[in-house]
Amino acid sequence: MYNPKSMKAEEFIDHQEVLATIDYAEQNKHNAELIDQILEKARRRRGLTHKEASVLLACDLEEKNQEIYQLAEQIKKDIYGNRIVMFAPLYLSNYCVNGCVYCPYHQQNKHISRKKLSQAEIAREVSALQDMGHKRLAIEAGEDPINNPIEYILESIKTIYSVKHKNGAIRRVNVNIAATTVENYRKLKEAEIGTYILFQETYHKESYEKLHPTGPKHNYAWHTEAMDRAMEGGIDDVGLGVLFGLELYRYEFAALLMHAEHLEAVHGVGPHTISVPRIKRADDIDPDVFENGIDDETFGKICACIRLAVPYTGMIISTRESKEVREKVLKLGVSQISGASRTSVGGYCEEEPEEDNSAQFDVSDRRTLDEVVHWLMDIGYIPSFCTACYREGRTGDRFMALSKNGQIQNCCHPNALMTLKEYLEDYAKADTKQTGERLITEQLELIPSAKVKSIAIDNLEKIAAGSRDFRF
Ligand code: SAM
């Protein structure tokens, strides 16, 4: 029986409820009156239920679809302004005991080169990332209790925060590791992680079990209930995601929103972020084998409908996607992107030779961070290296309160400008710096509070003179 408040995976992601939702959406895909009502609700930025959002996803009235895209763009602008948060993944180890059939780290793969970074190697990778200008990382590791125990992850986080190379610093470490115990989540919280990220891969239990035939990840309930354990362990920023291509996208979409509703119903706060990866070619993985791949248009529609359904949840896109697709979905609601990513273990210090490949997947966007920063500014965005919220304790419902009471423009906006200024001073190429300085001058005018604006101007001068790390 469907019950969003249940702590059992099969009840808060009830299979029959997902099927009924898909059916309801299909029956109403031409229902202009209902679609108008749903759009009206979305316009009030109240969010949508999984059922309502699924109707919009299924809608095939061209005129209404255009309204969906326009509204997603508007909501994105109203809530996030033109800021885009930057991050990079850091692969610590690709040892893994699972059998995920879409991932080249699966245990049966004897061809891929297995690597695990030592603490000294992590420090070198972090220096390389700092030298590009990164301030926020997402650490990634395979699941392997012998090679990558929680102690290794905790020690690595400590190392990452301790590296201070020139003016560089990693100020927020998000963590993407396998589902674990409440006790381990508590340890991650104590290690001061930002968001705990765990992709569901697929919400369809039967497919999930087939796609994860061996290893601890095979256990659907353990994986699906992980965010509840993370929250019980004190982590209040959690990041959901689905690996699109594994199952029917309408199934995943409805279930993903049901998961968000469950977190809200039980813990009083929804997911901090949602990621939307699509399967990519990798060492022994051929993405064409998976029958549920989605085209760019459907992908864009999914992003737009997520933006309408959970307006206050950040949306993340990685370098799995090309520059063109990234540009398209930035407009439709994406608020965070990675730049200059390497998906191989140790890849920031050394380019890997073909025959010694440890990468998790091929990246499509291969530009440098400076190229991505410059490109973002050219197309009207402010690249932000801000990490202030969680350092100021604005996580979970406190972050939500900030975003809902409209104070973002007096807080996130100046923070974005100050962290961009740091980037321009320390890492940017001359032409990027010129474009950035112009943008900052222009954007300062959009800070509503005169007092905040004057402090921001003062801080920008101090940054130019060599000080670092200001925040509201
Ligand atoms: N081992 C952890 C786990 O099981 O959740 C960490 C996650 S893994 C390092 C990061 C994510 O990459 C996975 O959750 C999966 O969604 C994604 N991934 C795996 N293989 C992929 C592929 N071939 N293409 C694109 N994404 C992939």
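This is a predicted model: local features need pLDDT of at least 70, side-chain atom pairs count only at pLDDT 80 or more; totals for chains, interfaces and linings use all residues.
H2 covers residues 15-27, and H12 covers residues 249-267. Their axes come within 9 Å of each other and cross at roughly 120 degrees. Because of that angle, H2 counts as oblique to H12; angles from 65 to 115 degrees would count as roughly perpendicular. The crossing of H2 and H12 is right-handed.

Stay on H2 and select Gln 16, which has its place in this helix. Is Gln 16 buried or exposed? Gln 16 has 9 C-beta neighbours inside 10 Å, so it counts as exposed; the cut-off for exposed is 12 or fewer.

In sequence, 161 residues separate Gln 16 and Ile 177. Drawn from C-alpha to C-alpha, the distance between Gln 16 and Ile 177 is 30 Å.

Now clear the selection and go to the ligand. How many residues surround the ligand? There are 21, and the closest to select are Cys 103, Glu 140, Phe 199, Lys 280 and Phe 361. Colour the shell around the ligand by residue class: twelve of its residues are nonpolar, three are polar and six are charged. Among the closest residues, Cys 103, Phe 199 and Phe 361 belong to the nonpolar class, while Glu 140 and Lys 280 belong to the charged class.

Terms used: Residues are numbered from 1 along each chain as its sequence is written. A residue is near a molecule or strand if its C-beta atom, placed from the backbone, lies within 6 Å of it. Helices (H or I, at least four residues) and strands (E, at least two) are DSSP runs, numbered from the N terminus. A residue is buried if 20 or more other C-beta atoms lie within 10 Å of its own, exposed if 12 or fewer, and partly exposed in between; C-beta atoms are placed from the backbone. Axes are lines fitted to C-alpha atoms, for helices over the stretch in contact, and angles run from 0 to 180 degrees between N-to-C directions. Angles under 35 degrees count as roughly parallel, over 145 as roughly antiparallel, 65 to 115 as roughly perpendicular and the rest as oblique. A crossing is left-handed if the near helix is turned anticlockwise from the far one by less than a right angle, and right-handed if clockwise.
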